[in-house]
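Subject: Structure handover

Hello,

Here is the structure for you to open.

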Amino acid sequence: MKIMKKNIVLFLLSISFTICISQTNNTQSLTAQQDSTHQDNNYILAQEKEFMEKYEIGNMKGIRSKMLDEFEMRSGPSCTAENTGITIPKDSIVFAYKYFNEERCWAVKYNTNWGFVKDELVFPVFENTNEKQANKYDEPPQPKGQIKPKYPPEAKKKGISGKVYVKIYIDETGVATDAIILRGIDELNQAAIDAVKAVKYKPAKLEGKEVGVWVNLSITFSN
């Protein structure tokens, strides 16, 4: 009987030891996975910081956009830049951060990848659940005064000119509350936004009722 009890105790100790070893191995494996994930995240953040600094992209919020066709991202804004090897499928969502007017392309982020895409393939979309309703009207909004952008002196001095395309939200009181650059020129973008927001509008109407709507405008800067 004593021998049997001794054997049972040894057996239980053996099981307990095995469980402890297994738990230790699992903990070590989980720690290794966490360390690897942390290193990957640090690498991704370092790449993102390097890209944004290289192309002078501020900490702005990217414009949520839809790809109108499949495209392999380029490594630089030039049309002769090498491809990154990363193909963005049609209808994928990307975030557009900076428009390069001369090269006619956007600096975009697709998942964790950064690169450049031709401008005609990037179409801004909006997360506002009322977006469809906000585009319905019988009578479009009309500015009550002339939209007169103030030409930034430094841009004018450098001969920087062109059109800035802006999407603005005009609420039911006729105030432009939001503005998003669809296609712009860095030195002129803020002046365009200031110009469209400075004007009071006659609100859009739907079935005789004043409603808020999104509209697209283009602001021209010329010497």
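Is D91 buried, exposed or partly exposed? D91 counts as partly exposed, because its relative accessibility is 44%. The cut-offs are under 20% relative accessible area for buried and over 50% for exposed, with partly exposed in between (1.4 Å probe, protein chains only).

Before the rest, some ground rules. This is a predicted model, so local features need pLDDT of at least 70 and side-chain atom pairs count only at pLDDT 80 or more, while totals for chains, interfaces and linings use all residues. Residues are numbered from 1 along each chain as its sequence is written, and side-chain values use heavy atoms, with hydrogens and water left out.

Salt bridges

Side chains of opposite charge can pair when their charged atoms come close. A salt bridge here is a side-chain nitrogen of Lys or Arg within 4 Å of a carboxyl oxygen of Asp or Glu. The search of the whole structure finds six.

One of them joins D91 to K66, at 3.7 Å from N to O. This pair links distant parts of the chain, 25 residues apart. D91 is in the loop between β3 and β4 (93–100), and K66 is in strand β1 (residues 63–67). Helices (H or I, at least four residues) and strands (E, at least two) are DSSP runs, numbered from the N terminus. K66 counts as partly exposed because its relative accessibility is 32%.

S92 is in the loop between β3 and β4. S92 is buried, with a relative accessible area of 12%. Leaving out residues up to four places away in sequence, S92 touches S65, K66, M67 and Y110. Contact means heavy atoms within 4.5 Å.

R183 and D119 form another salt bridge, at 3.7 Å from N to O. R183 is in strand β10 (residues 176–183) and D119 is in the loop between β6 (113–118) and β7 (122–124), 64 residues apart. D119 is buried at 3% relative accessibility, whereas R183 is partly exposed at 26%. R104 joins D119 and R183 in a network of salt bridges.

E120 and K118 also meet in a salt bridge, at 4.0 Å from N to O. Both count as partly exposed: E120 at 46% relative accessibility, K118 at 33%.

The cysteine

C79 is in the loop between β2 (71–74) and β3 (83–88). C79 counts as exposed because its relative accessibility is 66%. C79 and K118 are 39 residues apart in sequence, and their C-alpha atoms are 8.7 Å apart in space.

The cores

A nonpolar core is a set of buried Ala, Val, Leu, Ile, Met, Phe, Trp, Tyr and Cys residues joined through side-chain atoms within 4.5 Å. The largest has 24 residues, and V164, V166, I168, L188, Y201 and F221 touch the most other members. β9, β10, α4, β12 (204–206) and β14 each give two or more residues to this core. α4 gives the most, with five.

Helix α4 (residues 186–198) has L188, N189, A191, A192, I193, A195 and V196 as its buried residues. They pack against α3 (153–157), β9 (162–170), β10, β11 (201–202) and β14 (213–221).

A second, separate core has 14 residues, among them F71, M73, V108 and V117.

Best wishes
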